[in-house]
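Keep the structure open beside you as you read.

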Amino acid sequence: MRLPLFIATRYLFSTKSHSVITLISWVSAVAVGVPVAAMIILLSVFNGFEGLVKDMYGDFDPDIAVVPVEGKVFSREALDIPSIAALSQVAAVSEVLEDNALLEYRGRQFIATVRGVDSAYVGVVPIEGMLVEGNFDLRFGDMMQAVVGQGLAYNLMLRPALNDPIGVLVPRKGASFSSLLPVDAFRQDRIFPTGIFALDAETDGKYMIVPVEFTRGLLGEPDGVSSLAVKLAPGVDPARGKEAVGKIAGEGFEVLTRYEQKASLYRIMNYEKWGIFFIIFMVVVIASFSVVGSMVMLVIDKRSDVRTLFNMGADIRLARGIFLREGMLIAAIGAAGGLLQGLSICWLQKTFGIIKIPAETFLVSRYPVDVQWVDVAVICLSIAAVSWLLVRATVAVMIPKTTIRV
């Protein structure tokens, strides 16, 4: 063990050095450890909620979506759909045509998004696993049927068992609303509900899924498609799948991965996460000043030892090195204790779900936790950098180069 580290360790752990300054040093370590534990816990809980959101949207959004660069709808002939379906990276494709519409059910009205899908849609999006009532049958013989989101069904007071049709109205293209009969400005049709699906509040409070032929007739788009939903083959990287589909789609189409379809949402979540990190990091910086205080008192207390070292031939580098390592030991012990405490609490929460969410209608009953080791590494490096800078500056001030040997 090198001499500066040996002396620093003796100052901190020696049984003969149990003084008020030693006690303050250990309090400083605790002051560093508490915010470190808080950083681990808060970032892990945020990661848990982020993963929960991604899983929810991942169930409803396809792996790859092909959308037109201009406009909302394109013709089926404008895109080589069979060639995309034949790619080795692609497992299934589905044509989707959706638009906003006014829904009317038993005197209640609500604005929703009507998503028309073909028979291959269940192979792209696992919508059948989201059903909470009824079934996913979009056709009963020649009659077309709809599956409604749970939030939307609540707003319309809709139950499939009641067997009443839903009125669907969309504006006619180029229609004028100055007529005495505004209903003439709308295309309208009716469809019977057959099931209710549940996901997150934003999704199931917005979407109604119907056969694509229904939306094509309603919108007056006999071969219209608003997006092509693509399911990638197992093990295919989304970037490779996007590249393969993009080569066939051409410049007139934009190919989006699942995360790119909700880019703004994930970007905001990322900003929130690192915003939380920097707020708590400032608490860690403030707590690190307690280490500075203990270092100042330690240097003052050990002045006689410093004089002795100088008289024995030690240089300024050795003297500073002792107290630099002393300060880093205090910070390291505090950070290690905080990491251990934070990781232990996260493990207990993930394993036993000790802390519950006080809301019966939430998707999960306990706070989700996901410890990401990248976060742990960033926290450790940040603490090390801040502690080193503060302690080094303190030692340089307290033991200047002009120190005179006695």
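How many nonpolar, polar and charged residues does the lining of the second largest pocket have, by class? The lining has six nonpolar, one polar and six charged residues; here Ala, Val, Leu, Ile, Met, Phe, Trp, Tyr, Cys and Pro count as nonpolar, Asp, Glu, Lys and Arg as charged, and the others, Gly among them, as polar.

A word on the source: this is a predicted model, in which local features need pLDDT of at least 70 and side-chain atom pairs count only at pLDDT 80 or more, while totals for chains, interfaces and linings use all residues. Residues are numbered from 1 along each chain as its sequence is written, and side-chain values use heavy atoms, leaving out hydrogens and water.

**Pockets and cavity**

On a 1 Å grid over the protein atoms alone, a cavity is a set of points where a 1.4 Å probe fits but cannot get out, whereas a pocket is an open set with protein on both sides within 12 Å along at least five of seven lines; lining residues have an atom within 4 Å of a point. Grid points are joined across faces, edges and corners, and a volume is the space filled by probe spheres set on the points.

| Space | Volume |
|---|---|
| Largest pocket | About 660 Å³ |
| Second largest pocket | About 310 Å³ |
| Largest cavity | About 30 Å³ |

Of the 13 residues lining the second largest pocket, Arg317, Arg320, Gly321, Leu324 and Arg392 lie nearest its centre. Helix α11 gives the most to this lining, with seven residues (helices, H or I with at least four residues, and strands, E with at least two, are DSSP runs numbered from the N terminus).

In the largest pocket, 27 residues form the lining, and Val67, Glu98, Arg115, Tyr207 and Ser227 are the closest to its centre. Strand β3 (90-105) gives the most here, with four residues. By class, this lining has twelve nonpolar, seven polar and eight charged residues.

The largest cavity has Ile40, Ser44, Asp375 and Ile379 among its lining residues. Helix α2 gives the most to that lining, with four residues.

**Where α2 meets α11**

Helices α2 and α11 (residues 316-352) pack at an angle of about 35°, with axes 7 Å apart; axes are lines fitted to C-alpha atoms, for helices over the stretch in contact, and angles run from 0 to 180 degrees between N-to-C directions. Among the residues that meet are Trp26, Val36 and Ile40 in α2 and Ile330, Gly338 and Cys346 in α11, where contact means heavy atoms within 4.5 Å. The residues of this contact divide into 15 nonpolar, eight polar and no charged.
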